[in-house]
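These are my notebook entries from a sitting with one structure, written down in the order in which I looked things up.

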Amino acid sequence: MSLELRYPDGKVVEHPDGVTGLQVAESIGPRLAASAVAVRLDGELRDLGRPIDHGGDFEVVTLDSNEGLDVLRHSSAHVLAQAVLGLYPGSTFAIGPAIEDGFYYDFKVDQPFTPEDLEVIEGRMREIISEDQPFIREAMSRDEALRLFAAHPFKTEIIDSVEPSEVTPGEDVTVYRNLDFVDLCRGPHLPSTGRIPALRLLRSSGAYWRGDERREQLQRIYGTSWPSSKELDAYLTRLEEAEKRDHRRLGPDLDLFSFPAELGSGLVVWHPKGGTLRKVIEDHSRDLHERFGFDFVFTPHLAKSDLWQTSGHLDYYAENMYPGMELDNEQEYRVKPMNCPFHVLIYKSRARSYRDLPLRLSELGSVYRYELSGVVHGLLRARGFTQDDSHTFCTEEQLASELALHLDFCLTWLRHAGFDDFEAELSTQPEKSVGEQGRWDFSQKELASALEASGVPYRVAEGEGAFYGPKIDLHVKDAIGRRWQLSTIQLDFTLPERFDLEYAARGNVTERPYMIHCAKAGSLERFMGVLIEHYAGALPMWMSPVQVSIIPVADRHDEYAHAVAARLRDGGIRAEVDDSGETVGDKIRRAMTHKHPAVLVVGDDDVANSTVGLRLYGEDRDERGVPLIEATNRLVEMAKTPGS
RNA sequence: GCCGGAGUAGCUCAGUGGUAGAGCAAUUCACUCGUAAUGAAUAGGCCAGGGGUUCGACUCCCCUCUCCGGCUCCA
């Protein structure tokens, strides 16, 4: 008996029946066999050592691929569970999948793990790896599996949910054994534990069983494993790099903002430097809003509870709102978590006709949301923040062009901020939703065409829209490859109904407008947090709080230094003189650690010749004797706002 | 909110029941200097806050606040 395997290059090769994946890989090439972790046969991932029982499309999966890494990490998770169950008698285990860059396993143990525990567990894992225990696959019936895992309730809960196999009776589930350890698992796995080249446990934390906060909280251990110790080290270095650009560290270092404990969690104050950054961002936001045809409105920070009742926020969003303020003989007031109802009321302030539309209302609106204490995270998740919020009201005929305009606006905004790698997500109607079906269908079609026309790659998140409307989220990739969701364009079918918004269409027919929520930056705080991390604090010159710092060599040059600063300020440059009296080297160092984009050093020669010494951030050299006029012109050019 | 960890000078951190420490930053003085740290001196503390145990608490216990890592949440 023989079977035919078709390789990825199209070649068809005959192999004897019962040959293993590893043997096939060896026949293709020893290097391939060495890095092989599994094979794919007709789309199904299988263990290397498992005999091949039918012909078909065949591919060797290696550690170079994401699938290969998953196999490695999943096998690492088994070793983790094996170590923990061995070290902690009476403990039980739940699930342990591969995740991005690593793996985890959830356990129920008497005591939460300490960092010292993790060291011991990792040590035991290394022993298991050096013992090179083979992973052995075994198929069995549900009943057998239930008996095998009788002592492990989380496992039996999973087995209970498995449908009995009709194709291969008696083989409902598979388990993998290595030595005395056995885990319920679909596989595939590495041939043996010795094929885990590099591994590290990272941390432990609490995690709910099945992600449900009403259910038992388990102890999760996170780890990472890689094809080589070099790659493990590179990964750990990457984590350190990410830590270095953490905006919560850079913000105070660069004197941009702080979170005084006296204010409460998630409430930020902007210092002068951060205030300048924020002003620049706000100015640019207003400028672009104006250019894209938006009108400006201003609304208060609180409103009577009735408003939030009408808008539906008290029904659907109350747990994220600060509690009401009671006053004698007055209705309760609530601080706003969103700006929409206010803008809706501006729409409603008079009768509208189709001639008023589209009506684009925008506001840098500060909102307050009661985020759970455990989720507050610097500027990225605060309790008080300002949205560059807008609400556009338009007719059905205008929807397509409005969506195109909003998308263009968001992309322009993000490009100006220095992002050029975008990915969009189109979230469609969820199971539970409100609003006319016709509006859903029409809007989703128009959102998709707007995306198509923009050329931005996108994926459809089926059923992940809000209950009140579909949306587009724009994600950017930052300098170290992390994705951030920033802009959002969101249809709303519920607020126009709740507030009974209307306009007189041609022929004096009453129609309900379409409503588009849009935030280009999202929240300004979060946006600035992302910018700080993206640029690692070295902001582009146009947004840098200090654009040029001027360093007199000795204090007899102070006067000239201030004259240079005045000259630059005339050109619109934010310039600062460091006349602290320190040495030149020290002042240069300070300017660099504060990430000032440009430094001008002025000494005797410069005073005599009206020149400056120019040094730019990130460049290790300096340029001497640049005529002041030339330097000014160059700096003014470099500091120009994008799009200006 | 839940599980765990942490909070000592502006910052980074030592300090395991017996008088509170270092480096950087700050201030003062000297130095007047050409591209990433000149030197010396000085000052700086309710050891997050409150309660308890103890002859005695930064240290042990309880509560609160804040932060960190996750989970959950983000209509």
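**Entry on a helix.** I began with a definition: the expected span of a helix is 1.5 Å times one less than its number of residues. Helices (H or I, at least four residues) and strands (E, at least two) are DSSP runs, numbered from the N terminus. I then turned to helix α13 (residues 396-416), whose 21 residues should span 30 Å at 1.5 Å a residue, and because its end C-alpha atoms are 31 Å apart, the two values agree.

I noted the conventions before going on: this is a predicted model, in which local features need pLDDT of at least 70 and side-chain atom pairs count only at pLDDT 80 or more, while totals for chains, interfaces and linings use all residues. Residues are numbered from 1 along each chain as its sequence is written, and chains are lettered from A and ligands numbered from 1 in the order in which they are written.

Which residues of α13 are buried? I call a residue buried if 20 or more other C-beta atoms lie within 10 Å of its own, exposed if 12 or fewer, and partly exposed in between, with C-beta atoms placed from the backbone. The buried residues in α13 include Leu399, Leu403, His406, Phe409, Cys410 and Trp413. After α13 comes Gly418, which has a positive phi near 105 degrees.

**Entry on the whole chain.** I counted 20 helices and 32 strands in chain A. Its C-alpha atoms fill a box of roughly 85 × 75 × 60 Å, taken along the principal axes. Chain A has 644 residues, of which 38% count as buried. For contacts, two residues qualify if their C-beta atoms, placed from the backbone, lie within 7 Å. Among contacts in chain A between residues at least 6 apart in sequence, 68% join residues at least 24 apart.

**Entry on a sheet.** Strands of a sheet pair through backbone hydrogen bonds, either parallel or antiparallel. I count two strands as paired if DSSP finds at least two bridges between them. I traced an open sheet of 8 strands in the order β16-β19-β20-β27-β24-β23-β21-β22, and its pairing is mixed. At the edges stand β16 (295-296) and β22 (458-461), each with a single partner strand, so one side of each is left without a neighbour in the sheet. The pairing of β16 with strand β19 (residues 359-368) is parallel and runs over 2 bridges, and Phe296 has Ser362 in β19 as its bridge partner.

Which helix packs on this sheet? It is α14 (residues 437-454), which touches β21 (422-427), β22, β23 (471-477) and β24 (483-491). The direction of α14 makes about 170 degrees with that of β21, where axes are lines fitted to C-alpha atoms, for helices over the stretch in contact, and angles run from 0 to 180 degrees between N-to-C directions.

**Entry on the RNA.** I next asked which residues come nearest to RNA strand B. A residue is near a molecule or strand if its C-beta atom, placed from the backbone, lies within 6 Å of it. There are 56 residues around RNA strand B, and Gly206, Ser373, Gly374, Gly603 and Gly613 come nearest. Among the elements that give two or more residues to this surface are β12 (198-208), α18 (584-593) and β31 (611-616), and α18 gives the most, with 7 residues.

I also followed β31 to strand β32 (residues 623-627), with which β31 pairs in the antiparallel sense over 3 bridges. The bridge partner of Val612 in β32 is Val626. The hairpin of β31 and β32 has 6 residues between the strands, and in this hairpin Gly618 takes a positive phi near 85 degrees.

**Entry on backbone details.** I found a cis peptide bond from Gly187 to Pro188, with omega near -5 degrees, and Pro188 is in the loop between β11 (181-184) and β12. Another cis peptide bond joins Leu357 and Pro358, with omega about 0 degrees, and Pro358 lies in the loop between α12 (340-347) and β19.

Asp42, which is not a glycine, has a positive phi near 50 degrees. Asp42 lies in the loop between β3 (36-41) and β4 (44-47), and with 13 other C-beta atoms within 10 Å it is partly exposed.
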